[in-house]
Amino acid sequence: QVQLIESGGGLVQAGGSLSLSCVASGRTFYVMGWFRQAPGKEREFVAYISSSGAWTDYADSVKGRFAIFGDNAKNTVVLRMNSLKPEDTAVYYCAAGRVSSSSEDSYDYWGQGTQVTVSS
């Protein structure tokens, strides 16, 4: 059974940092990524990393502030978020799939989500 378990969300002041972790169990994946959904908005792509680490991509809104790392031995992906802004407030979802893509359609498995709240 495939499971993606996220951790690390919470409340932080603007300008602060948080790290989100996602552990995948049940199998390995070609790509793992993060998406987020703010209240009243559609879910959007944040970042992905391929299993080799050779391919990463970021949404324009987080480039230069967020970094994604993978640990194949632990089947874990980490999203390091720096210089957080109130507009980063959202539920963050870990996803795993078969194609390095910013499209949700490329991801077959999803975590339950973890809340990130950035206060101004």
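Predicted model: local features only at pLDDT ≥ 70, side-chain atom pairs only at ≥ 80, totals over all residues.
## A hairpin to start with

In the hairpin of S7 and S8, four residues sit between the strands, and Asn75 takes a positive phi near 50°. Strands here are DSSP runs of E with at least two residues, numbered from the N terminus. S7 covers residues 66–71 and S8 covers residues 76–81, and the two pair in the antiparallel sense over six bridges. To count as paired, two strands need at least two bridges found by DSSP.

Residues are numbered from 1 along each chain as its sequence is written, and side-chain values use heavy atoms, with hydrogens and water left out.

Now find Arg36 in strand S4 (residues 31–37). Is Arg36 buried or exposed? Arg36 is buried, with a relative accessible area of 5%; buried means under 20%, exposed over 50%, and partly exposed in between (1.4 Å probe, protein chains only).

The side chain of Arg36 makes a polar contact of 2.7 Å with that of Glu44 and another of 2.9 Å with that of Asp88. A polar contact is a pair of N or O atoms within 3.5 Å; within protein, one must be able to donate a hydrogen and the other to accept it, and residues adjacent in sequence count only if both atoms are side-chain atoms.

## Salt bridges

The whole structure holds six salt bridges, each a side-chain nitrogen of Lys or Arg within 4 Å of a carboxyl oxygen of Asp or Glu. Asp88 and Arg65 form one of them, with their closest N and O atoms 2.7 Å apart. Asp88 lies in the loop between S8 and S9 and Arg65 in the loop between strand S6 (56–58) and S7, so the pair ties together parts 23 residues apart in sequence. Asp88 is buried at 1% relative accessibility, and Arg65 is buried at 10%. Through shared partners, salt bridges join Arg36, Glu44, Arg65 and Asp88 into one network.

Arg43 and Glu104 also meet in a salt bridge (3.1 Å, N to O). This pair links distant parts of the chain, 61 residues apart. Arg43 is partly exposed at 26%, and Glu104 is partly exposed at 29%. Lys63 and Asp60 form a salt bridge at 3.3 Å between their closest N and O atoms; Lys63 is partly exposed at 46%, whereas Asp60 is exposed at 66%.
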